[in-house]
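Here is a colleague's note on the structure below. Please read the points in order, with the structure open beside them.

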Amino acid sequence: MSMTQQAAPAVETPPASGPKQSDGRTAQRPLALKLLARPEVGVFLGAVAVYVFFLAAAPPVREASAMANILYQSSTIGLMALPVALLMIGGEFDLSAGVAVITSALTASMVSYQLSMNVWVGVISALVVSLAVGAFNGWMLVKTGLPSFLVTLGTFLILQGVNLAVTKLVTGNVATDNISDMDGFAQAKAIFASTFQVGGVTVKITVVYWLVFAALATWVLLRTKYGNWIFAVGGNQDSARAVGVPVTFTKISLFMLVGLGAWFVGMHNLFSFSTVQSGEGVGQELIYIAAAVIGGCLLTGGYGSAIGPVFGAFMFGMVNQGIVYAGWNPDWFKAFLGVMLLGATLINLWVRRTATRR
Amino acid sequence: MATNESQAAGAVLKDTPPTDGTPTVELRRAGKAYGNIRALHGVDLQVHPGKVTCVLGDNGAGKSTLIKIISGLHRHTEGEFLVDGEPVHFSTPREALDRGIATVYQDLATVPLMPVWRNFFLGSEMTKGAWPLRRLDIEKMKKTADEELRNMGIVLDDLEQPIGTLSGGQRQCVAIARAVYFGARVLILDEPTAALGVKQSGVVLKYIAAARDRGLGVIFITHNPHHAYMVGDHFSVLRLGTMELSAPRSEISLEELTNHMAGGAELAALKHELAQVSGVDVEELPEEEDLTASVAATSEGKS
């Protein structure tokens, strides 16, 4: 306490600018380790392993048409796994994603059929409904501060009940009426559910959308402000808010993005099959979440990629179809998935620990 | 100062502060209640450009509440909060940032899994190109972050490493460098030296001095009177949510400041009580006159 006191504040010079070199305490990590630290590397190796396994076990898989089929299966999961993955990186998840797809398809189908309007009226109404469901989820989450598990579990149950009850009420049936002869159907089908030929193999358009959207999502995630905000709100919401990230906007828009995905897949289902079964979609939400987790997204948020879930969805499609091509009992599918999920998570965990250890 | 000229490149307002003596930030009888708990009451505080205002206080004195009001995390429930002489009610930290008030929080407000450079620019990212192709200007951000960190004396060869892998002191310096870079006019530091070693504390204090010399108003929250006295121009001591002391540097010595920090008047009372208990040697304790410094203490502190 007998410190000498200065009459004026101690004016100090700012620290000198360091030379353009390291202080020698941090070594460069090897390139291989840097690569392994990427969230999608583990799932990429896993997808290759599953692919090689079925190439050996199920000879029909080697044909191009089988691959087109596998990719189609993967794309229907992958299209939804993308927004679900972004949401997960943003720190939340959405249990209503599976039934929301059916809600969207039912809305489009019933609006256009019951009102005898052009199907595009139904498509737009479905878009509005899907975005509204997403916005509701996000708004509830932000306003109440409840965990997204509870909020979306509620929405999941509501939508599941509404899907069944309203369909029964309107059509008197468990499925919607066939809308394939309505105005605009061909046009909408060309956009949402067309096919094209590549070297004699029929490829579904959803495969293209899936890969294009994945590329877009990757760009947004890594190269835009919004992507930065997604990582930030998932990694540390309070810090993000404190430095000026619009947390409420980011969270609500992420839920609406899931709504957009549900609308897109719902429209694909509707225009592929012309009719919608009101009880479908239950359980799909877990498949989407599993694909995102297998794809290297951290369940607690703040870490992941948009490419990982592409491989995650591919693994699902591969196993789903591979079992059929191998001639095994398809009942094994879910068991396979469980093993894959656990395996992939363990690999991801191990890879991340090894690669980020300093 | 020569090494800090790159600061001028910051995405900040470079307005010359008003010279008519209006404080940049001023609190008048401000307070905050959380439900029926009064965390802060009747606090007066002025922040002038080029001055360091130190806010001292023990744990639970209301220091953090005070910062949260000024930085826009919480709204004050009583009194007035003025920026450049006009009353404001911030509802988000963004609004405070837009008025040139930047804060380094005690928990540093970093996202551990994100790379250093992304953390540095989080919430104020640099972009290039026109919408919808507007994208992050990664090159420029990395270069700027690197320069700013070097000015702080931190050399990181891999700005891509997650900020969670840095040491506490390094993270603190990144957070301060970020706030200095973005804080155009007022910089709030919430116990920046609390978790640091001697040498790193010195670096932080130098940076506070540098920020002051650049014309920033600095609010330096600490419970270390020695650190406060090294750079402070004005000292305010908070106790139990009220202001016990508010004095310019010319009216207070380090001893007095330390005594106030240690409880000042309360210690004197404690000494008096102890004197009545047999077996306690009060002769060794400091005299009462030393404990109650003759400074402009506000009356609330005695309650």
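1. Just after helix α6 of chain B, B:G215 takes a positive phi of about 95°. A glycine in chain A does likewise: just after α12(A), A:G296 also has a positive phi of about 95°. Please keep in mind throughout that this is a predicted model.

2. Helix α6(B) itself covers residues 198-213.

3. Is α6(B) mostly covered or mostly exposed? The helix is mostly covered, with 12 of its 16 residues buried. Among them are B:V203, B:V204, B:L205, B:Y207 and B:I208, but also B:Q200, B:K206 and B:R212.

4. B:I208 deserves a separate look. Not counting residues up to four places away in sequence, B:I208 touches B:V52, B:L189, B:V218, B:F220 and B:V231. B:I208 and A:V84 have the most contacts inside the largest nonpolar core, which has 174 residues. Helix α11 of chain A (residues 247-273) gives the largest share of this core, 14 residues. In soluble globular proteins, nonpolar side chains tend to be buried together.

5. Next, the sheet in chain B. Six strands form an open sheet in the order β6-β9-β10-β3-β11-β12, with mixed pairing. Its edge strands are β6(B) and β12(B), each of which pairs on one side only. From one strand to the next, the twist averages 15°.

6. Strand β3(B), residues 52-57, has a partner on either side in that order. It runs parallel to β10(B), joined by 5 bridges, and B:V52 stands opposite B:V218 there. With β11(B) the pairing is again in the parallel sense, over 5 bridges, and B:C54 stands opposite B:F235.

7. Strand β11(B), residues 234-239, is mostly covered: 6 of its 6 residues are buried. Which residues lie on each face? B:H234, B:S236 and B:L238 are on one side, while B:F235, B:V237 and B:R239 are on the other, and all are buried.

8. On to the hairpin. Strands β11(B) and β12(B) run antiparallel and are joined by 6 bridges; B:V237 has B:L245 as its bridge partner in β12(B). The hairpin has 2 residues between the strands, and B:L240 takes a positive phi near 50° in it.

9. Helix α1(B), residues 63-71, lies across β3, β6, β9, β10 and β11, running at about 150° to β9(B). Helix α8(B), residues 254-261, lies across β3, β11 and β12, running at about 20° to β11(B).

10. Now chain A. Helix α12(A), residues 284-294, is mostly covered, with 10 of its 11 residues buried. The buried residues include A:I287, A:Y288, A:I289 and A:V293, together with A:Q284 and A:E285.

11. Two packed helices are described by the angle between their axes and the distance between the axes. For α3(A) (residues 64-89) and α13(A) (residues 308-325), the angle is about 145° and the axes are 7 Å apart. The crossing is right-handed. Residues making the contact include A:I70, A:S74, A:I77 and A:G78 of α3(A) and A:A313, A:F314, A:G317 and A:Q321 of α13(A).

12. Please check some backbone details too. Most residues other than glycine have a negative phi, and most peptide bonds are trans. A:S116, in the loop between α4 and α5 of chain A, has a positive phi near 50°. Is A:S116 buried or exposed? With 9 C-beta neighbours inside 10 Å, A:S116 counts as exposed, since 12 or fewer is the cut-off.

13. B:R29, in strand β1(B), has a positive phi near 45°. With 13 C-beta neighbours inside 10 Å, B:R29 counts as partly exposed. Finally, the peptide bond from B:W131 to B:P132 is cis, with omega near 5°, and B:P132 is in the loop between β7 and β8 of chain B.

Methods. Residues numbered from 1 in each chain as written. Chains lettered and ligands numbered in written order. Predicted model: local features only at pLDDT ≥ 70, side-chain atom pairs only at ≥ 80, totals over all residues. Buried ≥ 20, exposed ≤ 12 C-beta atoms within 10 Å, placed from the backbone. Helix = DSSP H or I, 4+ residues; strand = E, 2+ residues; numbered from the N terminus. Pairing = 2+ DSSP bridges. Expected span 1.5 Å × (residues − 1). Axes fitted to C-alpha atoms, helices over the stretch in contact; angles between N-to-C directions. Contact = placed C-beta atoms within 7 Å. Core = buried A, V, L, I, M, F, W, Y, C linked by C-beta atoms within 7 Å. Left-handed = near helix turned anticlockwise from the far one by under 90°.
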